[in-house]
Amino acid sequence: MNPKNFIKECARLDKVVPMVTVVANKEILNDLSIQNLPEQTLVHCSIVNANRDKKIFINPDQFNPQRLDLNKILVWNGLEEDILNSDETKRPIRYCPGHDLSLDVIQYVVEQFLPIPNMKLNICEYQLIKYHRLDNYTKLVMRLMNIAVEQATRYPARAIDMCQPKYKNKLGMIRLPIGKSIPSWDEDFPRGATVFRRFVRWLMNKNLWQFSDDLFEFDSIEQAIQWRLKMFSSLAAPNVIFHDVDSDKTMTQLAFSGCACHYTCRLEKPIDELPQAIYVNDMTCLARFNVRKPFERYGAAAYFDENCRPIAIYWSHACRLVKRGEQFWEHVKFVWRSSCFAYITICDHLLVTHMIETNTLVSTTRQHLPHHHRLRAFLKPFTYHTITINHQASISLINQFGLVHRTWAFNYDEYLKLNDYILMNYRFRLLPDYLSTTMSPKANHKTADEWDRIYPIYHDLNSFWKIVRNYVKCFFEINYSSIVSLDEQLPDDVYLRDFANELAKQLGIEKLISLNDLIDVLTQLIACSIGFHELVGQSSDYLLDPRFIGMKLEENKQIQNVQTYSQALILSVVTSLRMPNLFDNWTHLIGHDEFYLNNLHNYENFKRDLEELSQEIDSRNKIRNYPFESFNPKFMDCSTSA
Ligand SMILES: [Fe+2]
C-alpha cells in the first residue's frame, strides 16, 4: 500500500483545520452562486464537509486509501491535484510549504512504530525453535556478528583517530585463491586482531562445521520479519525503503533507481518477440556457473517498455521468456531481483570495489609513497582501515566454506570461476563510464529534469564525480607549483612517478602519462571507495523483507528460508559497520608547511561542495519517481567499510 495515500486518506476524513473564513470578493461570490450576498461578507467554509462531498468523492465516509479521487482533497491549503502539478505556475498561490515535509515526517514516524499484523505466535518460543534448527556455523557467526557490533558501537570510527602515515618496509602481502594479492599489515590497526578474535577466526575456518543447505522455512512473512527484528536488530537503517517488494513497480524502482541501475541500458535493436521493449537489465551471465542441488541457476534479463514498466523476463534456468502476467511471472521477477543482488554483491562490491580498486589504492599508496609524502597524507582518509577490512573479508567471507560460499548457492569451484570471469572481464573505467551512453537525457529524448525523475543516478553520479575530481585536481595545482598544464607529463617527483606506474600496472591501464590521467585514476579510486561502494554495498535496503531478494533460488519459491535469510542478514550487518563519516573533520592530516592554507581551503571547498550536493539530492528526491540516495554524500563514509 502506498503510505502517502494512507496518510492523505486519514487527513481527508479527519482534517486538522476543519474550517476557514474568507472575505467574499466578486470572484468568490460568482463561484458560490449565492444571490444578494454583498461583497466583503465573511464566509465560513467547512473543509470537513468539502472532503466528504458526495458530488466529489465516491463513498466519502468510507476509509479507502486506494480511492481514485484521493487527489481531490483540500488539506494543504489547496486542491491536492493542483499542489502536485509539475508546472509550478499552476499550483495554488498559497498552498502549504510544508506539504512534502509533513508527509515525509508522518511516514517516518509511523514506520518507526509500525506493528506487525497477525502476530499470534509466542516470539520467544518460535525464535528458540528456529534458532535450534540452524546449523552450528550460522549460530557461531551470529555470535561473532554481535561481538563485532558491540565493539563498533563502543568504539565508533572517528576521523580524529586517523593517525599520520607511518613508515613500514613490508605490508605482509598474501595471495588469495581468487588470484589477487592483498596486504595484511595495516598502519591503522598495527597490532592486528586480538588473540580472542584470531582464535575465533581460526575456529571458524576449521573443518568442524558441517556445510549444509537447510531448507526449513518461516511459517509466515510476519514471523520472518519478527525474526529479523529480534535476531538482527543491528541491521543498518535503510537509505531507501522499497514498498511492495514483489510488485511490478518495485521492478522498475530496482532497475532505474536501485543498486543495479548502472546495468540498465536501452536496447540497441528492437526484439521481434517484444516490440515494446526499450530497456533491458541483463544478469544472464550468472547462468554460466553451476549451483548446488536442489537450487535453480541464477540469471535473468528484465525488459522494460518506454514507461519503464517490466514487460518480460528471460529466465536462464528454464531457457525461456516469460511475459508479464504469464505463468511463473512472480517467480521470474524474484529470480531477476535475486540475480541482480548476487551479481552486484559478488562482482561490484566484493571484487571490483574491495579486492581490485580499494586494494590497489591502499597497497600502492603505502608501498610506493613515503610516509612524509603529501599525496600519501591526502589519500589517507580514503584508505583508512582498508587493509584490515579487505584482509578480514578474505579470510572470513570469501574463503571456501566462508559466509559468501554458504549464503549463495554456487559450488566453490564455480564461485572461483565466477571470480575468474569477473577479473578477466574487468576493465578499469572512470565512474561516468559505468553508465551506458544510451542512458543520457538526450538519448532518451528527455530534458535533464524529466530524465532525473526517471533515472536519478545520471545526475547524482556525474555531480559527485565532478566534486571529487576537482578536489584531486586542486591538490596537484597547490602542491606542485611547477605545473603549467595538466596535460603535461607527470611532475619530476620520483615517488609520484613510481606510484603512478604501479597503479597503471595493477589496474591494467595502458595510458597513464599526463597529470590529467593520474587525476582521473585517483578520482576513480576515491569515488569508488566512498560513492560507488554506497551504491553496491548498502545491502540492508534489500533485506528488510525476505520476499524481495533470494540468495538461493528454490523451485516455485519467492521467499528466503530461515538459514539463508539469517546468513544474508549476518553478511549485511558485518559489512555495514561504519567508517568515519565523509563529513567528519580530518584537517589534522594536512601538513603544516607552506601549502597549508591552500590545502585547507581546498578541503573546505570539497566539504562545502559535498554539502550542497547533498541538499540538492534531498530536494530532487521530492519529485523523483523514486528516491535515490546512493550518491548522497550525507550517507557516505570516507573509506570503505566491510
Ligand atoms: Fe564493503
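## The β8–β9 hairpin

Strand β8 (residues 310-315) and strand β9 (residues 320-323) form a hairpin with four residues between them; helices (H or I, at least four residues) and strands (E, at least two) are DSSP runs, numbered from the N terminus. In the turn of this hairpin, Cys 319 has a positive phi of about 50°. The pairing of β8 with β9 is antiparallel and comprises four bridges, where two strands count as paired if DSSP finds at least two bridges between them. Within this pair, Trp 315 stands opposite Arg 320 of β9.

The model is a predicted one, in which local features need pLDDT of at least 70 and side-chain atom pairs count only at pLDDT 80 or more, while totals for chains, interfaces and linings use all residues. Residues are numbered from 1 along each chain as its sequence is written.

## Strand β8 and its other partner

β8 also pairs with strand β7 (residues 300-304), to which five bridges join it in the antiparallel sense. Tyr 303 has Ala 312 of β8 as its bridge partner. β7 and β8 likewise form a hairpin, with five residues between them, and Cys 308 in that turn has a positive phi of about 65°.

Five of the six residues of β8 are buried, so the strand is largely enclosed by the rest of the structure. A residue is termed buried if 20 or more other C-beta atoms lie within 10 Å of its own, exposed if 12 or fewer, and partly exposed in between, with C-beta atoms placed from the backbone.

## The β1–β2 pair

How many of the five residues of strand β1 (residues 19-23) are buried? The number is zero, so β1 lies largely in the open. β1 is paired with strand β2 (residues 42-46) in the antiparallel sense over five bridges, and Val 20 is placed opposite Cys 45 of β2.

## Packing of α11 and α12

Two packed helices are described by the angle between their axes and the distance between the axes. Helix α11 (residues 329-368) packs on helix α12 (residues 374-383) at an angle of about 145°, with axes 10 Å apart. Here axes are lines fitted to C-alpha atoms, for helices over the stretch in contact, and angles run from 0 to 180 degrees between N-to-C directions.

Leu 361, Val 362 and Thr 365 of α11 make the contact with Arg 376, Leu 379, Phe 382 and Thr 383 of α12; residues are in contact if their C-beta atoms, placed from the backbone, lie within 7 Å. The residues of this contact divide into four nonpolar, two polar and one charged. Ala, Val, Leu, Ile, Met, Phe, Trp, Tyr, Cys and Pro count as nonpolar, Asp, Glu, Lys and Arg as charged, and the others, Gly among them, as polar.

## Backbone features in loops

Most residues other than glycine have a negative phi, and most peptide bonds are trans. Gln 40, in the loop between α2 (26-32) and β2, has a positive phi of about 70° although it is not a glycine. Gln 40 is exposed, with 8 other C-beta atoms within 10 Å.

Asp 244 lies in the loop between α9 (221-231) and α10 (248-257) and has a positive phi near 45°. With 14 other C-beta atoms within 10 Å, Asp 244 is partly exposed. The peptide bond from Lys 293 to Pro 294 is cis, with omega near 5°, and Pro 294 is placed in the loop between β6 (279-282) and β7.

Methods
Two residues are in contact if their C-beta atoms, placed from the backbone, lie within 7 Å.
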